[in-house]
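Take a look at the model, then read on.

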Amino acid sequence: MPESSSTIYALASGTGLAGIAVVRVSGPRSSDVLITLAGKLPVPRRATFVVLRDPASSEDLDQGLVLWFPAPGSFTGEDVAEFHIHGGRASVSGLLQALGKIEGCRIAEPGEFSRRAFESGKLDLVEAEALADLIAADTAAQRRQALRGLSAGIGLVADAWRADLIRAMSFVEAEIDFSDEGDVGDGLWRRAEPIIVRLIDDIEALLTKGRSGERLREGAVVVLSGPPNVGKSSFLNRVAGRDVAIVSAYAGTTRDMLEVHLDLGGYPVTMIDTAGIRETNDPIEQEALARARKRSENADLVLWFSDAGESGISPTSSDRMWSVVNKIDLSGSLDSEDGVYPVSAKTGAGIDRLLSDLGEWAKTAFAPSESALVTRERHRLCLGSAVDALRRALLAKEPELRAEELRLSARELGRISGRVDVEDVLGGIFSEFCVGK
Ligand SMILES: Nc1nc2c(ncn2[C@@H]2O[C@H](COP(=O)(O)OP(=O)(O)OP(=O)(O)O)[C@@H](O)[C@H]2O)c(=O)[nH]1
Ligand SMILES: [Mg+2]
C-alpha cells in the first residue's frame with residue numbers, strides 16, 4: 001500500500017503535443033510546492049496567472065494558471081495543486097523535473113490519485129471503477145453506463161441492501177439472546193425471514209438481467225469466418241476504412257487474428273478477422289484454425305463468408321450466425337436472397353445494409369445494459385456469494401448459524417462499495433488507471 005504522507009505529482013492530461021497540459025499535485029507539501037514554484041499561494045479554487053520558476057536554477061519554466069484546492073475540498077480529499085501550463089514536451093518535462101527536486105514529492109503511481117480519493121472517502125469503489133470506465137469509454141453507450149456508475153451505481157443499491165440485512169441481523173442476534181424463552185425467539189425470526197426472502201429476490205432479479213453491463217464495457221464480439229480466399233480480410237479492411245489485414249489471392253493468407261473496434265450507433269463492437277477454414281497439414285495454419293474456432297465459439301455473432309462465384313449453397317442466417325455472400329461484383333447481382341447478405345468487399349456494394357443491420361443487432365443486444373447495474377465480474381461475484389449465504393441462512397436451524405451466514409452476506413455486500421475488507425481487490429482496481437488519475 002502506498003504511504004499516503006508523501007506528496008505525489010503527475011501529468012493529468014494526455015501525453016503528446018497539446019495546447020495546454022495539466023499537472024496535478026496531491027499531498028501535504030502541495031502548498032509548499034505552489035509557493036516554491038509560483039512564489040505564492042493563490043486564493044483557493046481561483047485560477048491565478050503566474051510565472052513558474054525552477055527553484056534550483058531560478059530560471060523561468062513557463063507561465064500559466066495555477067489552482068489551489070486545500071483539503072478536504074479536493075478530488076483526493078488532500079491538499080491539491082494544479083498547474084495548467086503550455087503543452088509542449090519541454091514545458092511539461094521541465095515542470096515535472098522541478099517537482100521531482102522538491103523534498104517529499106514523488107511521481108504518482110497509476111491510479112494513485114483515485115486511490116487516495118477512495119481512502120479519504122471521496123469515492124466508493126464502484127465510483128472509482130466507473131471513473132476508470134469513463135476514461136476508457138470509446139462509445140456513447142459506454143460513457144452513459146460509466147456516468148450511471150458514478151452517480152447511482154450498484155454501490156448505493158448494495159449499501160441499501162446491506163442496511164436491510166443488518167436490520168434482519170439484529171433480530172437474529174436478539175433471537176440468540178432470547179433463546180431460553182422459546183416464543184420470543186420464534187417471533188423474532190418471523191420478523192427477519194421476510195427481509196431475507198425479499199433480499200434474495202431483489203439480488204437475483206439483478207443477477208438474472210444477464211451480462212449486458214459487462215459486455216458493454218468490453219464490446220460485443222463479431223467474428224468473420226468461412227473458407228479461405230472468400231474475402232474476409234478484404235471485408236474487414238473495407239469496414240475499417242484502412243488496410244488492417246493482408247489480402248492476397250493465396251488461400252490461407254490470414255494467420256493471426258486481427259481486430260478492429262467499431263462504434264455502431266454508439267455501441268462498441270469488436271470485429272475479428274480469422275484464418276479461412278480448410279483441411280491443412282501446416283502446423284502454423286492448424287494453430288491459426290484452432291484459435292479461430294475458439295474465437296467463433298465465444299463470439300456474440302459470427303459472419304459466415306462464402307464466395308458468390310463458387311458453387312454450393314450458402315448457409316441460411318440464424319441468430320448467432322449471419323450468412324454473407326461476397327464478390328457479387330463478379331457474378332452479376334445476387335439480389336437479397338432470403339437469409340443472406342450479398343456484398344462486395346471490392347466495390348462496397350451491400351455493406352451499408354449489413355452494417356446498418358449490425359447496428360440494430362448491437363442496439364438490441366445492449367438494450368438491457370441501459371439499466372444494468374452490474375458492470376463488472378467483481379460485482380457479480382460479491383452478489384452471488386451474498387445471495388448464497390442468505391439462502392443458507394434460510395435453511396439453517398440454529399440461530400447462531402443463521403447469524404453467521406447473515407454476517408457473511410453483509411460482508412459480501414459491503415465489499416461492493418468497498419465499505420469492508422477490500423484490501424485484496426484495491427491493487428487490481430487502481431492499477432487499471434493511467435498515471436495522473
Ligand atoms: N472481385 C472481388 N474480389 C475480391 C472481393 N473480396 C476479396 N477479393 C479478392 O479475393 C482474394 C482473397 O481475399 P482475402 O480478403 O485475402 O480473403 P480471405 O477470406 O481473408 O482469405 P484467407 O485469409 O486466406 O482465409 C483477394 O485476391 C481479394 O482481392 C470482392 O468483393 N470482389
Ligand atoms: Mg484473410
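S233 is buried, with a relative accessible area of 8%; buried means under 20%, exposed over 50% and partly exposed in between, using a 1.4 Å probe and protein chains only. This is a predicted model, so local features need pLDDT of at least 70 and side-chain atom pairs 80 or more, while totals for chains, interfaces and linings use all residues. Residues are numbered from 1 along each chain as its sequence is written, chains are lettered from A and ligands numbered from 1 in the order written, and side-chain values use heavy atoms, leaving out hydrogens and water.

- S233 sits in helix α9 and T254 in the loop between α9 and β8, so the pair ties together parts 21 residues apart in sequence.
- T254 is buried too, at 12% relative accessible area.

**Around helix α9**
- Helix α9 covers residues 232-240, and its buried residues are K232, S233, F235, L236, N237 and V239. Helices (H or I, at least four residues) and strands (E, at least two) are DSSP runs numbered from the N terminus.
- Those buried residues pack against β7, β8, β9, β10 and α11, where contact means heavy atoms within 4.5 Å.

**The whole chain**
- The protein chain has 14 helices and twelve strands.
- Buried residues make up 49% of its 437 residues.
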